[in-house]
Amino acid sequence: MDFLLSFLVGGVICVIGQLMMDLTSFRVTPAHVLVSFVTAGAFISGFGVYDKLVELAGTGATLPLTGFGHLLTQGAIEGFKQKGILGLLGGGITNTATGISVAVVAGYIIALFFKPKG
Amino acid sequence: MAIDKNEYQKTVEKIKPRPPVLKNCVLAFLMGGFVCFLGEVLFHFLRGYGLSEKDSYTVVSVVFILISAVLTGTGIYDDLVRIFGAGLIVPITGFANSMVSPALEHKQEGLVLGVGAKLFTVAGPVVIYGILSSLIVAIILRGLGKL
């Protein structure tokens, strides 16, 4: 059941991104989609809705980039509870730091050692 | 023949091929769902090893970022994106791809302005808008007395 829900929710979130690119008349690039999803995730998370979605769909909610926004908001909220303003400002990045660092290191190494296509 | 800009825009809109929306959505759904399904499999595996829920989600994201980076380096990921669209853009693998792909493409511009800068061509805006929104949300919650 966990697997099916993850598949369904993850799939539906991706379809929303596809519709954004296909149905809007102005040029929506992948960058716009990613920025919109992070922003949307951050806001939805504030209402406590995204936590429930993660409980329901697991990686179906954490892997789409809305999950990144969710981590930022939850980090800011938790940080504020623990350390006030300093926690508010640092919590989001702290919560997402592992992913960003890994992407930077992996991206850097790949960019150095692989040849660009074409 | 002189035509004004609006007229031209309208004509372009008319002639421009319409994207096969339904087909694109089905492909995005299947691939996006499949990526998340694979993540769920790995998640359950990690939980079985006694990792906490939070750590398991983090490790799944890390593994997927690494896989995506390698697939982007070999050029496979970008080929797959052309087929599956948002199904491979929206997941965190798409985020990793958006970092590696421009960095690789512009590497001849140097280690600072090429690789260094282009790693954050898309990740930069994502992080910027992510941080801004999360802070706004937290401040709104504080204002509402919910934090």
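In the unreviewed UniProt entry for chain B, residues 21-45, 57-76, 83-100 and 120-141 are listed under "transmembrane region". In the predicted model examined here, two of these spans can be described by their secondary structure and reach. Residues 21-45 of chain B are 100% helix and 0% strand, with end C-alpha atoms that lie 36 Å apart, while residues 120-141 of chain B are 86% helix and 0% strand, with a distance of 30 Å between the end C-alpha atoms.

Within chain B, the packing of helix 3 with helix 5 was also examined. Two packed helices are described by the angle between their axes and the distance between the axes. The axes of helix 3 (residues 53-73) and helix 5 (residues 92-105) of chain B come within 8 Å and cross at roughly 35°, and the crossing of these two helices is right-handed. On the side of helix 3 of chain B, the residues that take part are B:S61, B:F64, B:I65, B:I67, B:S68, B:A69, B:T72 and B:G73, and they meet B:I92, B:T93, B:A96, B:N97, B:V100, B:S101 and B:L104 of helix 5 of chain B. Sorted by class, the residues of this contact comprise eight nonpolar, seven polar and no charged residues.

Chain A contains five helices and zero strands, and its elements run α-α-α-α-α from the N terminus on. Along the principal axes, the C-alpha atoms of chain A fill a box of roughly 50 × 35 × 35 Å. Of the 118 residues in chain A, 51% are buried, and among the contacts in chain A with a separation of 6 or more, 59% are between residues 24 or more positions apart.

Helix 2 of chain A, with 17 residues, reaches 25 Å from its first C-alpha to its last, which is close to the 24 Å expected at 1.5 Å a residue. Because 13 of its 17 residues are buried, helix 2 of chain A is largely enclosed by the rest of the structure. This helix is followed by A:G48, for which phi is positive, near 80°.

The contact between the two chains takes 58 residues from chain A and 64 residues from chain B. On the side of chain A that touches chain B, at least two residues each are supplied by helix 1 (2-23), helix 2 (30-46), helix 4 (59-62) and helix 5 (66-113) of chain A, and the largest share, 20 residues, comes from helix 5 of chain A. In terms of class, this side of chain A has 38 nonpolar, 17 polar and three charged residues.

Terms used. Residues are numbered from 1 along each chain as its sequence is written. Chains are lettered from A and ligands numbered from 1 in the order in which they are written. This is a predicted model: local features need pLDDT of at least 70, side-chain atom pairs count only at pLDDT 80 or more; totals for chains, interfaces and linings use all residues. Two residues are in contact if their C-beta atoms, placed from the backbone, lie within 7 Å. Helices (H or I, at least four residues) and strands (E, at least two) are DSSP runs, numbered from the N terminus. Ala, Val, Leu, Ile, Met, Phe, Trp, Tyr, Cys and Pro count as nonpolar, Asp, Glu, Lys and Arg as charged, and the others, Gly among them, as polar. The expected span of a helix is 1.5 Å times one less than its number of residues. A residue is buried if 20 or more other C-beta atoms lie within 10 Å of its own, exposed if 12 or fewer, and partly exposed in between; C-beta atoms are placed from the backbone. Axes are lines fitted to C-alpha atoms, for helices over the stretch in contact, and angles run from 0 to 180 degrees between N-to-C directions. A crossing is left-handed if the near helix is turned anticlockwise from the far one by less than a right angle, and right-handed if clockwise. UniProt positions are given in the numbering used here, feature names are shortened, and annotations may be inferred rather than shown by experiment.
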